[in-house]
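Please read the report below alongside the sequence and the coordinates.

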Amino acid sequence: MSAVVTVTGTDRKGVIAEVSGFLFRHNVNIEDVSQTILGDQFAMVMMVDVSGIGTEFSALAKGLDELGKEIGMNIRLQHGEIFDAMHNV
Amino acid sequence: MFNTNQVLETVEMVEKEHLDIRTVTLGLSLLSCVRESARKTAQAVYDRVMQKGKDLVPTAEALSREYGIPIVNKRISVTPVSVLTAAFPEESPLVAYALDRAAKELGVDFLGGYSALVHKGTADYENIFLGTIPEVLSSTERICASVNVGSSRSGINIDAVRRMGEIVLETAKRTAERDGVGCAKLVVFCNAVEDNPFMAGAFHGIGEGDTVVNVGVSGPGVVHHALSFVPEADLTDAAEVIKRTAFKITRAGQLIAREAATRLGAKFGIVDLSLAPTPTRGDSVARILEELGLSTVGCHGTTAALAMLNDAVKKGGVMASSRVGGLSGAFIPVSEDIGMIEAAEAGNISIEKLEAMTCVCSVGLDMIAIPGDTPASTIAAMIADEAAIGMINSKTTAVRVIPAPGKKVGDSVSFGGLLGHAPVMPVHPGDASKFIGRGGLIPAPIHSFKN
């Protein structure tokens with residue numbers, strides 16, 4: 001199942017390492033990554049496959065949210081369907 | 001597929017522009033709960049609501065987490081209670097208490113359907129039922145009541161309108177210690193719809209299925225934000241921006257509604273395409289109208305701007321959803337919209353202008369505080385005016401005014417939470433008691449004869 005991880009906030013060292021490490025530990029496959037920095041604002045969007053996770057989707061989302069709080073970033077995990085629905089006819 | 005910009009746009013809508021699903025409302029038919037006594041009926045009603053509604057709140061919370069869109073309210077609407085208690089109308093409050101208890105235990109914030117449909121005449125049992133509304137609204141926490149007093153097909157039941165003027169006043173008096181908050185849970189309709197997910201006017205119509213999920217989307221902040229990027233656009237282009245934005249918002253609602261229905265084992269009912277404001281800054285319908293070029297909501301031009309907004313929201317929403325319904329349009333509740341509150345406080349908007357605005361949007365005179373000494377006949381006359389607008393224009397209209405006990409123009413009332421706060425607005429001092437006192441039925445308009 002495809003899902004999207006978004007990471008936004010003030011840029012700091014090690015964000016990509018922290019997030020991708022977390023995803024690796026939870027058996028999430030990263031399929032595509034796009035990352036930009038505007039001024040000091042960091043924004044990263046990851047397309048991921050969550051079929052292999054051993055936990056509930058919402059538990060993984062909660063884990064990422066907690067990681068975000070730890071490292072001072074906003075991290076969201078959402079079903080990909082929501083973006084398809086909102087942006088495609 | 002979608003791209004990075006679209007992902008970030010959605011995230012920004014949620015984080016900065018207050019995009020949310022305003023309500024997931026589970027509509028339940030309670031017709032099978034009628035028993036030989038009020039006590040047994042109340043028990044059957046409680047059991048059914050508890051059984052059917054047990055997964056509503058956890059399901060909505062899980063959906064919210066998985067899709068990353070807040071679902072603000074989880075609600076239940078039920079068959080009009082007056083129908084369930086027709087054989088023992090004096091004891092209707094027993095059913096209300098059972099419903100209130102179930103709502104609290106399930107964690108739903110409001111349960112709607114303490115309702116009666118009297119648009120063509122008030123039966124004896126309905127007359128008794130109406131008399132129980134003030135008691136129920138003052139002694140329950142989460143029950144909402146609504147009464148339909150007119151329709152384009154049948155005309156306006158002025159006897160019921162007169163009665164509702166008295167009931168609104170009585171409800172305010174019974175909840176005087178909280179500025180008459182009971183009236184915030186009481187709506188008087190013309191052309192009430194059977195699938196409205198929004199409170200306080202939601203009920204589950206007799207023509208509806210057994211268990212239905214209706215979803216109300218929102219997002220005035222998102223529309224406002226989108227318009228702020230096109231300050232020089234002409235109104236054709238501005239309408240297009242609103243339409244496109246409404247499409248996106250509604251698609252989110254449609255997805256959640258379908259998924260919620262599947263998980264709850266219910267039918268997907270409708271998506272209600274409404275822009276519902278909250279008192280939070282950045283979540284205001286009034287501010288959209290001002291973004292279109294008005295110095296303040298309430299000035300000349302407001303009705304035209306609102307007409308355009310309402311129509312564009314519908315056009316974008318209809319394209320986005322397979323089934324639309326409910327009220328679908330822009331809401332203009334005074335106490336629940338920071339732009340409206342500020343305009344009312346500054347004297348920039350009047351009840352007369354609000355009435356004109358209701359001709360072109362989806363609801364009516366909504367969440368307006370008026371002086372506590374307003375006569376019942378004047379409140380009834382306000383209801384009659386709104387019902388006339390609905391009847392002639394074949395649309396839903398409603399009145400939810402709060403005659404704040406002991407308060408006069410210049411004072412303010414505060415209800416807390418989503419119900420907000422508002423200044424007490426002046427009401428025309430003229431007397432309509434003779435007109436309302438005539439009673440009878442205003443006949444249905446000529447264009448109702450379509451058969």
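Predicted model: local features only at pLDDT ≥ 70, side-chain atom pairs only at ≥ 80, totals over all residues.

## The side chain of B:Arg142

The side chain of B:Arg142 reaches the backbone oxygen of B:Val108 at 2.9 Å, and it also makes a polar contact with the side chain of B:Glu141 at 3.3 Å; a polar contact is a pair of N or O atoms within 3.5 Å, where within protein one must be able to donate a hydrogen and the other to accept it, and where residues adjacent in sequence count only if both atoms are side-chain atoms. B:Arg142 is placed in the loop between helix 7 (133-139) and strand 4 (143-151) of chain B, with helices (H or I, at least four residues) and strands (E, at least two) taken as DSSP runs numbered from the N terminus. With a relative accessible area of 19%, B:Arg142 is buried, the classes being buried under 20%, exposed over 50% and partly exposed in between (1.4 Å probe, protein chains only). Residues are numbered from 1 along each chain as its sequence is written, chains are lettered from A and ligands numbered from 1 in the order in which they are written, and side-chain values use heavy atoms, with hydrogens and water left out.

B:Arg35 lies in the loop between strand 1 (21-28) and helix 2 (38-53) of chain B and is partly exposed, at 36% relative accessibility. Its side chain reaches the backbone oxygen of B:Ser32 at 2.8 Å, and, leaving aside neighbours within four places in sequence, B:Arg35 is in contact with B:Lys40, B:Thr41, B:Ala44 and B:Phe88.

B:Leu31, B:Val83 and B:Ile206 make a nonpolar surface patch of about 220 Å². Patches are made of residues with over 30% relative accessible area and no salt bridge, with like charges joined within 9 Å and nonpolar side chains (Val, Leu, Ile, Met, Phe, Trp, Tyr) within 5 Å; the areas come from the Shrake-Rupley method with a 1.4 Å probe, and for residues only the protein chains shown count as cover. B:Val83, in helix 4 (residues 81-84) of chain B, is partly exposed with a relative accessible area of 34%.

## Backbone geometry

Most residues other than glycine have a negative phi, and most peptide bonds are trans. Against this background, A:Asn27 has a positive phi near 65° in the loop between helix 1 (15-25) and strand 2 (29-38) of chain A. B:Ser328, with a positive phi of about 45°, is found in the loop between helix 12 (302-320) and helix 13 (338-345) of chain B and is buried at 9% relative accessible area. A cis peptide bond, with omega about 15°, joins B:Met199 and B:Ala200.

The contact takes 24 residues from chain B and 25 residues from chain A.

Between the two chains the count is 1 salt bridge, a side-chain nitrogen of Lys or Arg within 4 Å of a carboxyl oxygen of Asp or Glu, and the side chains of B:Glu15 and A:Arg76 meet in a salt bridge at 3.0 Å, N to O. On the side of chain B that touches chain A, the largest share, 10 residues, comes from helix 1 of chain B.

Note on methods:
Contact = heavy atoms within 4.5 Å.
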